[in-house]
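Hi,

Here is the structure I promised to pass on.

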Amino acid sequence: MRRQMMPGRLLPIIFFLFLPVLLHSQDEASRGAVRGGLESNSAVYLDDAAIGPAPARWGSNNYLKLDWQRDSLSAGLQAEWYPQALAGYPSELKGAGLTGLYFDWQGRLVQLHAGSFFQQLGSGLLMRSWEDRDLGLNNCITGALASFHTAGRAFEAKAFGGFPKYGLWPSTGSAVAGLDLSLDLISAFAPESSHSLRLEGSVTDRIAREVEDGVSFLAHTAGFDLPVHTPGWSARMFYAWEGFSLKAEYVGKGRDFYAEQLPGAHEQYRLKPGNALLVEASAAVGPFSGSITLRRLENMASRIFNTTASPSIANTLNYLPSLCMQQTYLLAGLNPYVTYADGEAGLQGDLFWNFRRGTALGGRYGMRLHICGSWIEALPFALPDRETSHLAYRDINIDLERRWNRSFKTIFFVSIQENSPTHGNRKATNAQNVFVIDGLYKFSPIASLRIELQYLYSQELTRDWMAALAEFSLAPHWSITLSDMYNHGSTGVHYFNVGAAYSVSSFNISLQAGRNREGFVCSGGVCRWQPAFSGAVLRVQWSF
Amino acid sequence: MKRLAIIIALLFSALIRVDAQVIPDVKLSDAGGKTVTAVSLADHKTPFVVSFWMTTCKPCMKELEALTDAVADWEGSFPLRIYAVSVDDSRSLQRAMAMSRNWEGITPLFDPNGDLRRALNISAVPQVFVYDKDGKQFYTHIGYRPGDEQELLSQLRKCAGK
């Protein structure tokens, strides 16, 4: 079991550190501002003959966040409580814990921070600590951070170090440290210029303070010692001028422990360095705008600690989202692509065409066209067969949105996807074509009905699907949703859902009941596995 | 567990008297990559709207389209200032930049590591805020339903005292 900071030892310390803040808050004139957020997601699961037994009887994920700020001082904490985590969430989330506690002082040019913090270097390929409650991920770092910038922010520097969170508490078995520098050349030498050119660089180190016995054994068997330090670095450039921007980033990663896949489902343990290249550009000309992204990854999985246990989304130190479009329609997101961190290269592009109001094609209310495509290939040396790589994933998505009059608007959406179940190790792929009509009709300024009709055509996996959704809204408080996904090509299972939501100010409550299919739940291009379940989910969110 | 509950209860007690919240002093970036502080959005002359959105959030896009229409139809006695803060992470940042380049009347800003989102304790998008001319929060609403923009504009007029 991994050693973690114990709540019993921490809580009294936290209490006494916060006491001055609490006492001070009684002084009305200078108590500062307090903000907070409360979120509770709870579910009841039922057995369902169509999809199998319930994954659990119930689950509940609860979060409370409080922040206090007065002038340049701020402090805050986050508490989480998982009496039993929702199905599909990392198993490390169990019990209650203070998952974030910080004190911060921000001067005119200097910032000093003690406690937990989130940090991202560049695009996050090298290192990212962030929170995503849909994924059950929060790898905030508990330690210290200092940053400095010149007046006008032409030069910025920051240094940090600490223990990344794993489960509910910081993991003391592994530490990270980093240094980040940023120089805005145009601001420094020609502040009035419309150009922007920034050069950035970072170095990091992950320090393994403890190593799992199983990992040590495998390393010794394979004939190498595990390094204590896993260094990393990145060099970045950002240029922008009026409607154009270009970003380039190269990341190098020191030798790390890898289980290399071999033919016949065998594994070979090795120490391998990693690297990544990312180039992104976006531009706008007249009614057109677009972006293109090129990315290559080689051995870039970065974990808080090495383990022989099943991979957990909570055990991550960097951000490797899938390169393709993140789908929002039910059937288009049925089989999402998940990044192959061992080795892949891909290209992704977006084109937006805004037909302005009053033009021949735009009509009285305007029209929008969006085309998005991606092509991803696995790198041959990262595949078990070491053959020439094949296609890992490609898609093309087109959506056309038009408002016909003050009351009626439609979206036509087509997504053509091809996904390799072996990440390009074999030539065989699964193809699926998704067609969606999405219409919104406003009965009055506050009452509206939205209907989605969807069809998925495929000759592979579970073959054809159809889906429909109806959402009635009464602004600004109420909405009711009914939906069904039906796999008529193979299993004949319906996935009915009914939901209602009420919101007022920053308070939102929603209840959803029905049957849910197993599959990947993705957020920000990162995915976790969700088992099939039938039941009801209650979500309450409040910020103040 | 008991001690945790005590701490949380004590902290809640501190919330009983909470002033109108001022927009936090957090760094964002604009479409040209330059740093913009959230407090600098308050121009001490007119109120303004801040809408949080992301490229994969359909209600967010619907809200921004409704706000674009509202800008086109605006006949108020003060300029309508709307800032759309993308909370897309770095993966979707370029798409958010490309998508927002052709917006009319809405100023896009970017919060790729969620600093302002965390400072305002936003747990779900879209969430929209109306701030007065000095940056004090006047109104907020979570989620979007077609027609919400009418309430938003009504609150904005109230905030401006018009």
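A quick word on terms before the details: I call two strands paired if DSSP finds at least two bridges between them. Helices (H or I, at least four residues) and strands (E, at least two) are DSSP runs, numbered from the N terminus.

Bear in mind that this is a predicted model, where local features need pLDDT of at least 70 and side-chain atom pairs count only at pLDDT 80 or more, while totals for chains, interfaces and linings use all residues. Residues are numbered from 1 along each chain as its sequence is written, and chains are lettered from A and ligands numbered from 1 in the order in which they are written.

Chain B first. It has an open sheet of 7 strands with mixed pairing, in the order E2-E1-E5-E4-E3-E6-E7. Strands E2 (35-37) and E7 (137-142) of chain B are at the edges with a single partner strand each, so one side of each has no neighbour in the sheet. From one strand to the next, the twist averages 30°. Within the sheet, E3 (residues 48-53) and E4 (residues 82-86) of chain B run parallel and are joined by 5 bridges; B:Trp53 has B:Ser86 in E4(B) as its bridge partner.

Two helices lie across this sheet. Helix H2 (residues 58-73) of chain B lies across E3, E4, E5 (106-110) and E6 (127-131), at about 155° to E3(B). Helix H5 (residues 148-160) of chain B lies across E3, E6 and E7, at about 175° to E7(B). For those angles, axes are lines fitted to C-alpha atoms (for helices over the stretch in contact), and the range is 0 to 180 degrees between N-to-C directions.

Now the interface: 48 residues of chain B are in contact with 64 residues of chain A, contact being C-beta atoms, placed from the backbone, within 7 Å. On the chain B side, H1 (2-13), H3 (90-100), E7 and H5 each supply at least two residues, and H3(B) gives the largest share, 7 residues.

In chain A, strands E29 (residues 519-523) and E30 (residues 526-530) pair in the antiparallel sense over 5 bridges, with A:Trp529 in E30(A) as the bridge partner of A:Phe520. Their hairpin has 2 residues between the strands, and A:Gly524 takes a positive phi near 65°.

On confidence (pLDDT, the predictor's confidence in each residue, from 0 to 100), chain A has a mean of 90, with 94% of its residues at 70 or more. Residues 23-29 of chain A stay under 50. Where pLDDT is low, the predicted coordinates should not be read in detail.

Cheers
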